[in-house]
Amino acid sequence: MTSIAIPTGMPQYDDVPRFDVARVRADFPILDREINGHPLVYLDSANTSHKPRAVLDVLGEHYARHNANVSRSVHTLGTEATEAYEGARAKIAAFINAPSADEVVFTKNSTEAINLVAYAFSNASLRPDASVLAAPSRETDERFRLGPGDEVVISEMEHHSNIVPWQLLCERTGATLRWFPVTDGGRLDESGLDDLVTERTKIVSLVHMSNILGTINATSRITARVREVGALLLLDCSQSVPHLPIDVVDLDADYIVFTGHKMCGPTGIGVLWGRGELLAAMPPVFGGGSMIETVTMARSTFAAPPARFEAGTPPIAEAVALGAAVDYLTGIGMPAIQWHEKELTAYALDALGSVRDLRIFGPTVPVGRGGTISFALGDVHPHDVGQVLDSLGVQVRVGHHCAKPVCSRFGVPATTRASFYLYTTTEEIDALVAGLEQVRKVFD
Amino acid sequence: MQLDQLYQEIILDHYKHPHGRGLRDAEDLGDQVAEAHHVNPTCGDEVTVRVATDGAVLHDISYDGMGCSISQASASVLHELLRGRGTGEAFAVHEAFVELMSGRGQVTPDEDVLGDGVAFAGVARYPARVKCALLPWMAFKDAAARAGVGVSPEEVKA
């Protein structure tokens, strides 16, 4: 093997942060598994990621050593559990560069986080005089009040979780739902931005990285327009927070949502981040324990965020384990993970491009996209593609990926999707390509 | 699991060369005609099954759809097995097919009853695919009921 020296002054190999994938893989017990007699090739991390031992240990350790309810006990275990739970909140805040840990609201997942915002709007819109629902000593904030003539803007690229809650909100309030189209190349079509986002717009809710096309949306033009018209911006970062460095100050959004299980954490824990001032002005959604200031039989007043939005006993161990996941990812380094996936994506786009009669949906260059690639193999149905790949140990997702409007946009009922993470290797992409040849043999 | 148990030659043959595909009008104008459109919400498979019957005989079962090899081959087999049969006979076949698909691979199919349908015995071992195989059969059941004939077994809980 010959090596070529890159002239000084040019970008060098070591300029980008890297990590040893083999060592990372050793942290994930499940990656030792065999599937149908073949080594596991897990290409479904956009669906859910695997969990490193560090996260599994913290989950077990919490129940084994520190289990108690949070925010209500004076005893030692209660104090330990509360410190661990609030400590996780602080870790997650730091991970996304939130100015304050109080801007991090724990939810069940991204879906619940989006619904929480939608129902806060709903509650603020119910009665003009519904000050009982408003934050203490505040009038219901006009920014959250929706009615006929007001508009909510989403895009054709959304996961169902960022479509249906807004459809329901518009049905309840009489507001109108509008959306950005998607280009043939799988990018957000911003050409109609000024007509779409107007003084009538109350909130724009967009996916940051598409779970089906892999597209990463550049948001700065949209943010500028949203500010100009005085609307709010929510970014669904379910697919971006696990894979790229995210800085909420830099993004300049009003809310972001993401979910723990796609970022090496457990299921059952997600995050709504909101600007502190906004959360403080939002009416509560779920009522119950922990979210109150004081309760009488006739009425209640409410705690400050984030407690206002966390009624009942939260998923404590899950939150603590998500904190451990964030520690794990930070230890490896998000810029290094981003770069690893960029190289994998470039490799995979090339490799898949060599498969006869394979059509990629979404950007075909590794720029402005992440490591999630949807494709069609001739006219073989994705279910059949996935079944043959599974028999070879290759785990991909097939179907509409909870993004039916995207499938309709590209004229297919379903796609096959391969998605990568920090533990994915180029050998696994080779196994996918070899598996696709096997699919051909069965169905040609 | 052995892939060829799932994708038997008979299934691939029906998939590549479907029998009786395409929605048709009734030849006998006196027939009751009704159809049902079923979708598999998890994967987006769709099938429309149309039944033409005089109440005693299923004169035609026509269908159209898009989906995976299992669902589309199953529609072809359904057409071949039940077209021209008396309703009572047809529902006995329907019941046998549903029983086979609900059997998790433990049911031995009777080829005299199920014909090419026996090829789906392997599908019953793949819980994620049972719904694919049943999709046209459940659409048929609805279409037949709308055309005024019988009610066959309840949908399985796959």
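Two residues are in contact here when heavy atoms of one lie within 4.5 Å of heavy atoms of the other. In this predicted model, the contact between the two chains draws on 17 residues from chain A and 20 residues from chain B. How big is an interface like this? The size of an interface is often given as the accessible area lost when the parts come together. For chain A and chain B, that buried area comes to about 1400 Å², with carbon and sulfur atoms giving 56% of it.

On the side of chain A that touches chain B, two or more residues each come from α12 (382–391) and α14 (426–443) of chain A. The largest share belongs to α12(A), which supplies five residues. Sorted by class, this side of chain A holds six nonpolar, seven polar and four charged residues.

Turning to a single spot in chain A, Gly192(A) is found in the loop that runs between β6 (176–180) and α6 (193–196). Is this glycine buried or exposed, or something in between? Gly192(A) counts as partly exposed because its relative accessibility is 29%, and that label covers the range between under 20% (buried) and over 50% (exposed). Pro181(A) lies 11 residues away from Gly192(A) along the chain, and their C-alpha atoms are separated by 9.0 Å.

Technical notes
Residues numbered from 1 in each chain as written. Chains lettered and ligands numbered in written order. Predicted model: local features only at pLDDT ≥ 70, side-chain atom pairs only at ≥ 80, totals over all residues. Heavy atoms only, no water. Buried area = accessible area lost by both parts, 1.4 Å probe. Helix = DSSP H or I, 4+ residues; strand = E, 2+ residues; numbered from the N terminus. Nonpolar A, V, L, I, M, F, W, Y, C, P; charged D, E, K, R; others polar. Buried < 20%, exposed > 50% of the residue type's maximum accessible area, 1.4 Å probe, protein only.
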